[in-house]
Structure formats: C-alpha cells, structure tokens
Amino acid sequence: MRSIYIIGASGFASEISEYISNDNEYSVAGYFDKNKNDYDKYDFKSPFLNLEKDFDFKEGDCAIISIAEPTIKGKIYREMKSRGVDLPTFISKQAYVSTKCIIGEASIICPFVAITSNARIGVNFHANIYSYVAHDCIIGDNVTFAPAVKCNGNVIIEDNVYIGTGAIIFQGKPDKPMVIGENSIIAAGSVVTKSVPKNTTVFGSPAVEFTKENIKRRS
C-alpha cells in the first residue's frame with residue numbers, strides 16, 4: 001500500500017481519507033493546511049504537517065489535493081508539479097468510469113460518480129458523490145463538481161469552473177455544444193439551459209447571471 005499526503009484538512013479531506021482507506025489503495029502519511037482547526041475537528045490519525053509549501057518532499061512522494069476552490073487547487077497543483085511531487089488520480093472502486101474516456105492526473109472521482117463514453121477531462125478534476133459526466137463532454141483543468149452535479153452530453157466546461165450541488169447542465173449538440181466559460185461559478189441547484197460566458201456566476205432555474213436585478217426578479 002502506497003503512502004500519500006493529503007493537501008487540505010477540511011471535511012472533503014475527511015471524506016477522501018475514508019474513500020482511500022476503504023479501497024485499500026493508499027495509507028495517509030499526513031495532512032497539510034494553513035491551520036489546525038479543521039484537522040482537530042475531524043480527528044485525523046495521521047500527523048498535521050502545516051503548509052505543503054514548507055515541507056521537504058522526497059523523490060517518489062505523492063499527494064492528493066482535497067481543496068475544492070478551482071483557483072487555489074490549480075495553484076497548488078502547479079507548485080507540486082514544479083517540485084516533482086507525484087499527483088495520482090484517485091478513482092473510487094464504487095464509481096463507474098468508461099474505458100472510452102480520458103481523465104487527467106491529480107483528479108478525484110468519488111463513490112457513485114459516473115463518467116461515460118468519450119468524455120475528455122483535464123487535470124485536477126474533482127467529481128463529488130453522485131455526479132455524472134455524460135458522453136462527448138470536454139472538461140478543462142481544475143474543475144470542481146460538488147455532489148450530484150448532472151452534466152449531460154456534448155458540454156464543454158473550460159478551466160477553473162466550480163459547479164455547485166445539484167446543478168443540472170442541459171445537453172448540447174454535436175455541432176453546437178453547451179459551453180461553460182472559464183472561471184465561472186454555477187450556483188447550487190441551478191438549471192443551465194444555455195452557454196455561460198467566462199468569469200460569470202449564474203443561479204436559478206433557468207440559470208441567469210447573479211446580479212442585483214436578477215436576484216430581485218427571482219425573489
């Protein structure tokens with residue numbers, strides 16, 4: 001069983017710790033975070049190691065990034081790569097992953113997730129429990145799916161996108177895919193029926209841009 005460090009010591013780290021323990025694939029060597037508050041809360045058994053940027057990693061060390069915020073986890077990914085840390089992809093044995101899809105390194109595929117045929121997924125992707133990625137989707141780097149995200153076929157999700165719990169992304173067409181632009185946020189429970197420009201936050205059903213005017217209209 002290979003040892004692995006977990007970067008981040010919050011609730012998601014607690015979940016990941018159980019997943020990898022149940023799958024008997026890794027043993028946790030320690031946890032990194034900026035403070036011990038969450039570490040103490042979750043009563044982790046492996047040691048707290050402060051910040052990963054100050055740690056003396058050895059050749060062959062590997063880590064998993066259990067931080068959901070795309071920009072932060074992207075920065076950590078690049079730093080760890082520059083230092084030669086191995087960032088394997090974890091795929092739960094309780095997930096379904098098509099043999100006809102591609103998933104980049106440093107990704108986390110949680111239990112009860114489905115990744116179906118011809119999906120192309122970049123590095124540092126997180127798919128939390130009960131999410132799915134349907135056929136012919138293209139997903140960029142550092143994307144996070146909260147629990148129960150439903151991404152239907154022929155959707156393009158660009159880099160650094162966060163999609164909240166229970167969001168539904170309608171299916172695109174082969175010649176006109178649905179596009180979620182880079183650095184965008186899809187709020188929990190949103191139903192996305194049309195493409196979202198980059199750097200945009202949307203909410204509601206159907207999803208609209210998060211502005212004061214739209215909040216008043218939906219109140």
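Two strands count as paired if DSSP finds at least two bridges between them. The model used in these exercises is predicted.

**Exercise 1.** Determine which residue in E2 is the bridge partner of Ile-4, and how strands E1 and E2 pair.

Solution. 
- Step 1: locate the strands. E1 covers residues 2-7 and E2 covers residues 26-32.
- Step 2: read the pairing. Six bridges link E1 and E2 in the parallel sense.
- Step 3: find the partner. Ile-4 is bridged to Val-28 in E2.

**Exercise 2.** Find which residue of E3 stands opposite Tyr-5.

Solution. 
- Step 1: E1 also runs parallel to strand E3 (residues 63-65), joined by three bridges.
- Step 2: opposite Tyr-5 is Ala-63 in E3.

**Exercise 3.** Decide whether Ser-46 is buried or exposed, and state what its side chain lies 2.6 Å from.

Solution. 
- Step 1: Ser-46 sits in the loop between helix H2 (37-42) and E3.
- Step 2: the relative accessibility of Ser-46 is 14%. Buried means under 20%, so Ser-46 counts as buried.
- Step 3: a polar atom of the Ser-46 side chain lies 2.6 Å from the backbone oxygen of Val-28.
- Step 4: beyond its neighbours within four places in sequence, Ser-46 contacts Val-28, Ala-29, Gly-30, Tyr-31 and Tyr-39.

**Exercise 4.** In the open sheet of eight strands, identify which strands stand at the edges.

Solution. 
- Step 1: the order is E4-E7-E10-E13-E16-E19-E21-E22, with mixed pairing.
- Step 2: E22 pairs with E21 (residues 201-203) in the antiparallel sense over two bridges, and Phe-203 stands opposite Val-208 in E22.

Technical notes. Residues numbered from 1 in each chain as written. Predicted model: local features only at pLDDT ≥ 70, side-chain atom pairs only at ≥ 80, totals over all residues. Heavy atoms only, no water. Helix = DSSP H or I, 4+ residues; strand = E, 2+ residues; numbered from the N terminus. Buried < 20%, exposed > 50% of the residue type's maximum accessible area, 1.4 Å probe, protein only. Polar contact = N/O pair within 3.5 Å; in protein donor to acceptor, adjacent residues only side chain to side chain. Contact = heavy atoms within 4.5 Å.
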